[in-house]
Amino acid sequence: MVTNGRSLMLNRRQFSAGLGAILLSPSFAVAAAAEGVVDMAGRQVSLIKPAERIVLLDARDIVSMAVLHPDPARVVIGWAGADTLDSDLLRRHYETRPDGSGEIAVVGGQTATTVSLERILALKPDLVVTTAYMEPELGDGVLTRRLEAAGIPVVFSNTASNEQTTEADRDPFAAMARTMRMWGQILGKSDRAETFVGFAHEHLNEVRQRLGATSPTKAYLEVQSTYDDCCWAAGDRIWGDLLALAGGHNLSAVDAPWFAKVALEQLIAEAPEIYIASGGAFGRGIRPAIGPGLDPDEGGEGLRRLTERTGFETLPAVQDGRVHGVWTGLLTIAPFNILFVECAAKWLHPDLFADLEPTDTLNALNEQFLAKPLPGPCWLSLAA
């Protein structure tokens, strides 16, 4: 998403960049550390030792690293697309290197065309981590070939594309587990990676057990919530998969995997019982300011403005006061997906999850894994 005047412009490639970390990928078998790692593209990549000078072509990967490493900025020397974090606070948390050398060097923006090979080479990394969005050829592209020719290994942390999704790509938590195990090998933190995977799945299993055979609740999950536009609905995969894990049912009119522009008349006809908007630090003047360190009153006012768009007063979700908002990072940064699932489950099925407190899970995540705690507000509800 980019700012252009008063509106956010959404297109397929920009949206795929915004989904980065939660996108699903082919399965892989974990290789022995002595043999290097098998990345998310299924490529065997040899690493002589835990990497100490890493360049990230998707800055959100630093959060996965932060779950395992006490100070990932110690080993990340360059990154691209830092604004995809959708949180100024999160960027500030990680952008300063502890060795006194200043901020992590910027080697590009959100798109592949902005990445500078020269800047990467000048940093002398011992590993570059990329994604299918930044290198669609998955190892056969010019960037990977030139880096490897210079003796710099390249691994893929994400391989989904907007053109290709399979039934094997329908489990976000399985993909998260594979990604975290890969990072565990890269950083020499495999035991800690297993601990985190167990933590996330324990919480997910609790949600699944409570839901049992409960019928899903129809929800409108909005991937781009802006005050002067409507209606960008989550696709039936990716964000839709996370919604389904929480006991939600996506709009029936949506058959696209990533997102779909739904006519207002169709949204009204579908009559969703729950409305979940998305917000963040980026474009705060035209979308809800919901995210780490932001003012919850400002975020709540943003949610209210969304409900004042034409036709929204007719939605059961708005009439019943079941309007909620989440920071996009809960959906696009895989280690935080469990927070979205718990929040959404509580909103979708309040009787089943009356005693569930996602804040407790956030506190546990902060205390057990993140050296720099993630503050709120990462989600909000509009008072009835």
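View 1. Strands, like helices, are DSSP runs numbered from the N terminus (E, at least two residues, for strands; H or I, at least four, for helices). The model is predicted, so local features need pLDDT of at least 70 and side-chain atom pairs count only at pLDDT 80 or more, while totals for chains, interfaces and linings use all residues. Residues are numbered from 1 along each chain as its sequence is written, and side-chain values use heavy atoms, with hydrogens and water left out.

**View 2. The partners of β15.** Strand β14 (residues 274-279) runs parallel to β15 and is joined to it by five bridges, two strands being paired if DSSP finds at least two bridges between them. Y275 has V323 as its bridge partner in β15. With strand β16 (residues 379-381), β15 pairs in the antiparallel sense over three bridges, and there the bridge partner of V326 is W379.

**View 3. An open sheet of five strands.** The strands follow the order β7-β6-β5-β8-β9, with parallel pairing. Since β7 (105-108) and β9 (154-158) stand at the edges, each with a single partner strand, one side of each is left without a neighbour in the sheet. From one strand to the next the twist averages 25 degrees, with axes fitted as lines to C-alpha atoms (for helices over the stretch in contact) and angles running from 0 to 180 degrees between N-to-C directions.

**View 4. Aromatic pair W232 and F259.** The ring centres of W232 and F259 lie 5.6 Å apart with their planes at 55 degrees, so the pair is tilted; rings of Phe, Tyr and Trp (its six-membered ring) pair if their centres lie within 6.5 Å, and planes under 30 degrees apart count as stacked, over 60 as edge-to-face and the rest as tilted. The pair links distant parts of the chain, W232 lying in strand β11 (residues 232-234) and F259 in strand β13 (residues 259-261), 27 residues apart. W232 is buried at a relative accessible area of 14%, and F259 is buried at 16%.

Conventions. Buried < 20%, exposed > 50% of the residue type's maximum accessible area, 1.4 Å probe, protein only.
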